[in-house]
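Morning, everyone. Let me put the model up, and then we will walk through the ligand site, the fold and the charged pairs.

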Amino acid sequence: MTDAAPTPWLTVIGLGEDGLDGLSIAARAALDAADWLVGARRLLDKVPPGHAQRIVWAGLDGTLDAIGAARGSRVVVVASGNPMWFGVGATLARHFDPREILTYPAPSAFSLACSRMGWSMQEAVAVSAHALPLESIARHLYPGRRLVVLSRDGETPAGIAAFLSERGFGPSRMSVFEAMGGSRERRIDGVAANWWQPEVDPLNTVAVEVLAAPNARIYGVTPGLPDDAFIHDGLLTKREIRAVTLSTLAPRPGETLWDVGAGNGSIAVEWLRANPSGRAIAIERDPHRAEVIRINANRLGAPSVEIVEGEVPEVLDTLPGDPDVIFIGGGLTSGDTLEICWERLPSGGRLVVNVVALESAAQLIAFQKRYGGTLTQLAIARNAPVGAMTKFDPMAPVIQYAGVKA
Ligand SMILES: C[S@@+](CC[C@H](N)C(=O)[O-])C[C@H]1O[C@@H](n2cnc3c(N)ncnc32)[C@H](O)[C@@H]1O
């Protein structure tokens, strides 16, 4: 027997800058019938006073509780644009049964900006500098790419222009759209390298057509960035080994990686570049390297890397939640690190370990005998001059362990 579908009592209405004028008849009727009206002050101000009691959105938990307490009466939440796109719609649908919710979306800032630019939406990439640091755009810096960037505030366009210019993408064309869809709408066009407006209206969206200067570094989309893409002090998983390691780690959407002994952060950064909906926690004891991880993460479009400073294995006890995948990038100095990491993995979790030292390799061999998994030797040699001729310079071979917890 299936449960009867719950009756919707919560209505989410997307408002554009044109306020009630842009609403469908059905959305307008729902708004007029509301007992409770919930939303950010800016949006509530667009609704003329009526009989509904108002709750100004202030903090997630408190507001969700207030909405829950009004269950049974007609509650309307007003949100901006399409509430299901970087909006409260999805938050509400996670908290309440989605079948209790009716949503009336308005066009999103993404759809409005694409319309203004004459871009097809499926070819443009949406990036939120509202939810994440604007450095996230670094993952999308390919000539010809079209980006629609949601701004955090009035200084975001200048920040984007500066970031693009610093990274060699100063020729990129930028169009800033302020308060789209309303009477205050204004468009500002320019080129990143010559951007002149330090501040615009806080409600703005930026369309960027990425164009590269000759000095721009343009990276491939697959893992294995060049070593010099990272700032590092030599403690770096080298490009070829890194590419194989990312393939072994095999990131899946939403998964959490612990990069144990993260060094300069190259594995955590590449994990997130390949898997932006995932999480990467970089664990590093050296405070200077922890700072470098932050710089690398920002430069390479993975600003959501979480950095934990501390000594392995002790610091692992302080980490909340379980990882899906653990990478140990070398330096298996403490005898119990392997066991502790294995212990923290849920069943089905994956462990990948790279070592160079034979003592560490011995630990891996014993571990593999006990728990199964595979051992692979990765031996790379790069060309180097020998007098006028060329030879191969072998790097120290890396022993890679890969295991899945039963
Ligand atoms: C939290 S997001 C909400 C997006 C919304 N759900 C939508 O569909 O547009 C807020 C960001 O959207 C952008 N935005 C929303 N409405 C806009 C408008 N009318 N004009 C320009 N930008 C807008 C701004 O970049 C703002 O910082």
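Which residues around the ligand come nearest? They are W85, A109, S151, N204 and T205, out of 17 residues around the ligand. A residue is near a molecule if one of its heavy atoms lies within 4 Å of it.

Some ground rules. This is a predicted model, where local features need pLDDT of at least 70, side-chain atom pairs count only at pLDDT 80 or more, and totals for chains, interfaces and linings use all residues. Residues are numbered from 1 along each chain as its sequence is written, and side-chain values use heavy atoms, with hydrogens and water left out.

Back to the ligand. Take the polar contacts, meaning pairs of N or O atoms within 3.5 Å. A backbone N or O atom of S80 lies 2.9 Å from a ligand nitrogen. W85 has a polar backbone atom 2.8 Å from a nitrogen atom of the ligand. For N204, a polar backbone atom is 2.5 Å from a ligand oxygen. On its own, the ligand has 560 Å² of accessible area, and the protein covers 90% of that. Those areas come from the Shrake-Rupley method with a 1.4 Å probe.

Where does the ligand sit? The space it takes is the largest pocket. A pocket here is an open set of points on a 1 Å grid over the protein atoms alone, where a 1.4 Å probe fits, with protein on both sides within 12 Å along at least five of seven lines. A molecule sits in one if more than half of its atoms lie within 2 Å of its grid points.

Now the fold. The chain has eleven helices and 19 strands. Both are DSSP runs, numbered from the N terminus: helices are H or I with at least four residues, strands are E with at least two. The C-alpha atoms fill a box of roughly 80 × 60 × 35 Å along the principal axes. Of the 406 residues, 47% count as buried. Buried means under 20% relative accessible area, exposed means over 50%, and partly exposed is in between, with a 1.4 Å probe and protein chains only.

One example is F169, in the loop between α6 (156-166) and β8 (173-178). F169 is buried, at 1% relative accessible area. From F169 to A66 is 103 residues in sequence and 47 Å in space, C-alpha to C-alpha.

Next, charges. How many salt bridges does a search of the whole structure find? The count is 26. The criterion is a side-chain nitrogen of Lys or Arg within 4 Å of a carboxyl oxygen of Asp or Glu.

First up, E255 and R350, with closest N and O atoms 2.6 Å apart. E255 lies in the loop between α7 and β11 (256-260) and R350 in strand β15 (residues 350-355), so this pair ties together parts 95 residues apart in sequence. E255 is buried at 9%, and R350 is buried at 9%.

Next, R382 and D227, at 3.0 Å. R382 is in β17 (residues 381-386) and D227 in the loop between β10 (204-209) and α7 (239-249), so the bridge joins parts 155 residues apart. R382 is partly exposed at 32%, while D227 is buried at 13%.

Last, D35 and R74, at 3.6 Å, N to O. D35 is partly exposed, at 23%.

Note on methods
Polar contact = N/O pair within 3.5 Å; in protein donor to acceptor, adjacent residues only side chain to side chain. 1 Å grid on protein atoms, 1.4 Å probe; cavity = no way out; pocket = protein on both sides within 12 Å on 5 of 7 lines; lining within 4 Å.
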